[in-house]
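Colleague: Please show me the model. I would like to go through its salt bridges with you.

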Amino acid sequence: MAEIVSFGEPLVEFNAEAVGGPRSGALYSIGFGGDSSNFAIATARLDGRAGYLTRVGDDRFGRMLLDLWRDEGVDASRVATDPEHPTGLYFIVRDGSAAEFVYRRDGSAAAQLCPEHIPDGWVERARLLHVTGITQAIGRSACDAVFQAVERARAADTIVTYDPNIRPKLWPLHEARAVTRYTAAMCDVVMPNLEEGRLLTGRDDPYDIAMELLELGAPLAVLKMGSAGAVVASAADYTRVPALDVRAVDPTGAGDTFNAAFAVATVEGRSPAAAALLGSAAAAHVVQGLGAVNSIPQRRVADRLAGELSL
Ligand code: KDG
């Protein structure tokens with residue numbers, strides 16, 4: 001049975017190789033993305049029992065994703081195939097060192113998600129539900145599904161973790177800010193990156209951001225700061241978590257893997273700081289490879305990397 005569940009939009013990824021630039025002749029590696037799917041795959045690689053829910057199109061890309069979840073050991077038994085809407089895609093276009101996400105996802109199968117698509121017991125029987133701002137941004141009904149799932153989780157004592165994952169291309173900033181602040185207050189753990197923390201709170205300093213996130217109402221705030229590590233804050237504690245010194249190639253999906261490692265370690269009963277340490281180590285592995293999924297480490301690798309860090 002799935003213990004750690006997530007839902008949202010999976011995407012097929014076309015990621016420009018560092019050489020070539022965005023114009024004709026550039027090489028694109030095909031891979032997979034979508035924050036909630038990345039989270040589920042990372043959970044499974046890190047030895048968590050992952051369950052994933054979405055809708056894919058009745059097309060080659062949808063079938064590729066179904067194969068991926070099966071091969072990765074993610075329970076995707078509740079994923080539906082939608083005969084009328086396609087699977088979404090994104091390109092990571094690189095111009096010099098700058099990377100841009102270009103989406104082809106409007107009207108996708110996953111954007112049709114609504115509260116009725118979340119089966120009875122799916123959230124209630126899990127130990128942890130992970131939700132994200134991208135799922136809220138893809139459509140009104142998917143946003144409603146997030147709110148309903150969070151309410152059901154709270155009623156069932158399922159832990160809720162939340163990554164606001166603000167993507168300004170998907171919704172206007174004022175709307176993103178209002179919805180994600182409101183949602184953060186409903187969750188057990190809010191886990192933005194530093195830039196999102198700044199957007200959410202209007203503060204600059206990690207300590208001030210963390211305190212303001214707690215004031216919103218979440219009992220625990222985890223601020224992901226890439227090569228600067230992370231901050232874990234509650235009313236009782238404020239801990240800085242270190243990061244490994246690595247050469248970053250592509251940060252895509254690193255935050256999702258951090259979240260997954262945090263979720264797995266939390267369900268195992270580790271402290272928030274120890275869970276974030278595993279997150280920091282696993283994320284450091286992701287940034288060293290191209291794409292959101294290929295470079296997610298297996299558990300033994302993440303444990304070895306975490307062993308190089310201490311609190
Ligand atoms: O967190 C990584 C994701 O941003 C990436 O995989 C693509 O889900 C994606 C999105 O909506 O940007």
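What follows is a short exchange on charged side-chain pairs.

Modeller: This is a predicted model, where local features need pLDDT of at least 70, side-chain atom pairs count only at pLDDT 80 or more, and totals for chains, interfaces and linings use all residues. Residues are numbered from 1 along each chain as its sequence is written, and side-chain values use heavy atoms, with hydrogens and water left out.

Colleague: How many salt bridges does the structure hold?

Modeller: A salt bridge is a side-chain nitrogen of Lys or Arg within 4 Å of a carboxyl oxygen of Asp or Glu. By that rule the count is 18.

Colleague: Which residue forms a salt bridge with arginine 55?

Modeller: Arginine 55 lies in strand S5 (residues 55-57), and its partner in strand S6 (residues 80-82), 27 residues apart. Strands are DSSP runs (E, at least two residues), helices likewise (H or I, at least four), numbered from the N terminus. The closest N and O atoms are 3.6 Å apart, and the partner is aspartate 82.

Colleague: Are arginine 70 and aspartate 71 buried or exposed?

Modeller: These two form a salt bridge, with the closest N and O atoms 3.1 Å apart. Buried means under 20% relative accessible area, exposed over 50%, partly exposed in between (1.4 Å probe, protein chains only). Both arginine 70 and aspartate 71 are exposed.

Colleague: Why is aspartate 250 called buried?

Modeller: Aspartate 250 meets arginine 94 in a salt bridge (3.3 Å, N to O). The pair links distant parts of the chain, 156 residues apart. Arginine 94 is buried, at 8%. Aspartate 250 is buried because its relative accessible area is 2%.
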